[in-house]
Structures are given as C-alpha cells and as structure tokens.
Amino acid sequence: MDNSARWPSEFQEAVAKDGWLGIMMPSQYGGSELGLAEATVMMQTIAESGGGYTASSCVHMNIFGLAPVVKYGNEEQRRRFLVPLIEGKERACFAVTEPNTGLDTLKLQSLATRQGDHYVLSGSKIWTSTAQVAEKILILVRTTPLDQVKKPSEGLTLFYTDLDRTQVSVTEIKKMGRAAVDTNSLYFDNWRVPASDRIGAEGQGFKMILHGMNAERILLSGEAVGIGYAALRHASNYARSRVVFGRPIGQNQGVAHPLAKAWCQLESTRLMIMQAAKMWDEGFETGEYANAVKYLAGENAFTACETAVCSMGGMGYAKDYHVERFLREVIIPRLAPVSREMCLNYISEKVLELPRSY
Ligand SMILES: Cc1cc2nc3c(=O)[nH]c(=O)nc-3n(C[C@H](O)[C@H](O)[C@H](O)COP(=O)(O)OP(=O)(O)OC[C@H]3O[C@@H](n4cnc5c(N)ncnc54)[C@H](O)[C@@H]3O)c2cc1C
C-alpha cells in the first residue's frame, strides 16, 4: 500500500465489518461501549501487526474523533452521525490546523456566518488527513472574530457535516511516509453548512475539541509504540539469523543492547499510556499524562525504529525489510497532532509552573 500509495480499503472494510470501529461508541448506536484503554490496545495491535500508521491512520479518526458528538451532540445527531460511522458506511476527517496559524489554534481564521438555517463557511485548512476519501468532516471554525471575544478560546464553533467536494477544494500534500493515507489542503468559500450540523452551542467548539484531543494523543501514542515494537521484532528476527564473522549479529552486544534498551523504553511508555487511558476513561483530568505519553511515545518509538534500521545493516535500508517504512512513519508522532515541543511546553507550564513560553 505504501509503495502504490493506495488507500487500504480492504483493511478498513474488514475492521468495520467486524464491528471494531464502534469500540468506544455507545451501545445504543451499535458500538461496544468499551473505553479508551481498550481502543488504545486495539490501535497498538493494528500498528504492531506491521501495518504501522498506514493501517492505523485509515481508521484512527473514526475511533475517537466523534467523542465531541457523543458528549455534546443531541440525540438526533448522535443517531444520524454515529450509526453510519460505526457501520463503516461513512468515514470522517478532522480539520483543525490552518496554514496561517499552525499550532496557535485559538487564532484560527476560517469563519462561519449564520444565514437563516445555514452557516456559510469561508477559509482554509491544512494537513486534513483522509479528506480524499472521507464522506464527513469535523471542522472547527470561528463564528465570532477574535477581536470581538472576551477570551480567545470563545467564538470557535464545531460542525460535523458532509465534505461536499463541489464546495471544498481538496488538494493532497505529498509527504515523507504513510503515502497510502492522504493528507490535504482544503479551501472553501461560501460553503453552505446546515445549522443542524453544528455540534453543541455556538462559540463553545474549542472546549469540545479539547475533550477529544487528549484522547487522540493517548491513542496515537499507543500506535507509535506499536510501530516501535514492530521494528524491534523485525530487527531481532534478522539479528538472530544473519551470520557474519561466524556468529549471529545479535550475539554482539553492540547490536543486542541498543535493541534491549529500546524495548525497555517502549515498555515503560506503554505502561504509562495505559495509565493515561484509564484516567481518561474514569473522567480524570489527563492533560499532563496525555502530553507526557505523546512526547515519550514519539521519542522512544523513533529510537526503536532508528535502532532497528541500524541493527540490520544495509538490509535495514531495503524496502523489502519494512523497517525503513516504520522509520519514515514514526516521525509523525513527533510532529502531530501536537509537536513534541508543545508537549514539553505543557509540562513546563502546568506541572513545573515555569513561565509560559508562547
Ligand atoms: C502526517 C500529518 C497528519 C496530520 N493530520 C492532521 C489532521 O488530520 N487534522 C488536522 O487538523 N491537522 C493535522 N496535522 C497537523 C498537525 O497537527 C500540525 O502539523 C501540528 O499541529 C503542527 O502544526 P504546524 O505544522 O503548523 O507547526 P507550526 O505551528 O508552524 O510550528 C512549527 C514548529 O515550531 C515549533 N514551535 C512553535 N511555537 C513554539 C513554541 N512556543 N515553543 C516551542 N516550539 C514551538 C513547533 O513545535 C513546531 O515544531 C497533521 C500533520 C501531519 C504531519
């Protein structure tokens, strides 16, 4: 899939057919009503199978993304939106990031103006993953301009609506890894969205997005750790069988110890991820843990993949041996959905009470 940049439709359909997409969704809409902890185990397993982010990203958004609809949507919306998502008939993408504002989410510039029973949206988004295939979009835009709100976190509104390609231009961004799962720039001008697709109250969208954001950080950390384990598995298999200077290369501690160290780092991260997921499930505030595990997972999974490539010599660089694909994909959790610098900014400010840097 990575070589041909083809959407993994067979995998995504199989996951939907067996009911896994509803793992975190309420049972009255067809879900299994399990928690983020179970969903994280599932997503780690998908990535660890060798599918990496290519496999996990094609279902990722559908697992956690509609948490704001579950929590803040009305009954009609929950039925209309959750049932087709769980059945795999509709796929969702998630549009927060904008080209001119980046991580400074509160400065979003895309604007929605109310006109009768519709809103009219104009603006742009960037890095919207899966928008080439998604039928639906969860989108955060301003309904009150920044200079007219008391707090910058107010005046942002969330919509879950049809991704109408006659109204929204979707252009794929060519990227380093995960070629099969697209990421895009979006542009829209006078895009009419029904007011009945607004989630929760006007102006309260940021709070709703935050609820899902911590869940995403935890889930994506599980996927990162899964990729790290997959890389270690490939490298260990190779190091057991590749014989040079009359012995398996894995018998040399120069090869074995970096792999063992990477396993220790991954396993400690995994345990902390499970703690974070359980805290989220039990309704505790998870900002500290979500950011800490997102940071650790990004760094430790990267180290595991880099170690795997280097342990395998030339074959680490050959596509047939997979670890180079893991290394390209595992840069993603260092950058997105929030960068490692912003995770550390959060810990510096909220845990260590150091002055805010931005
Ligand atoms: C593969 C991929 C898929 C994505 N999918 C989606 C998606 O589906 N939906 C979506 O909305 N977004 C998506 N994103 C966007 C992603 O969330 C953003 O790229 C990310 O939030 C960083 O924003 P930016 O690229 O604009 O970085 P910028 O805001 O331009 O920042 C650039 C760099 O400067 C650093 N920096 C900035 N300010 C500070 C500071 N005060 N202190 C320290 N460092 C700082 C950042 O950490 C970062 O490394 C995706 C990104 C990628 C790469």
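Predicted model: local features only at pLDDT ≥ 70, side-chain atom pairs only at ≥ 80, totals over all residues.
Residues are numbered from 1 along each chain as its sequence is written. Local features need pLDDT of at least 70 and side-chain atom pairs pLDDT 80 or more, while totals for chains, interfaces and linings use all residues; side-chain values use heavy atoms, without hydrogens and water.

Select residues 203-349. An unreviewed UniProt entry labels them "domain: Acyl-CoA dehydrogenase/oxidase C-terminal"; such annotations may be inferred rather than shown by experiment. Over this span the chain is 76% helix and 3% strand, with 26 Å between the end C-alpha atoms. Helices (H or I, at least four residues) and strands (E, at least two) are DSSP runs, numbered from the N terminus.

Next, pick E216, in helix α5 (residues 205-241). E216 counts as buried because its relative accessibility is 9% (buried is under 20%, exposed over 50%, partly exposed in between, with a 1.4 Å probe and protein chains only). Beyond its neighbours within four places in sequence, E216 is in contact with H60, F64, F94 and P337 (heavy atoms within 4.5 Å). W191 is 25 residues from E216 in sequence and 28 Å away, C-alpha to C-alpha.

Finally, show α7 (residues 287-311) and α10 (residues 340-351), whose axes come within 9 Å and cross at roughly 145 degrees. Axes are lines fitted to C-alpha atoms, for helices over the stretch in contact, and angles run from 0 to 180 degrees between N-to-C directions. Among the residues that meet here are Y295 and E299 in α7, and R340 and L344 in α10.
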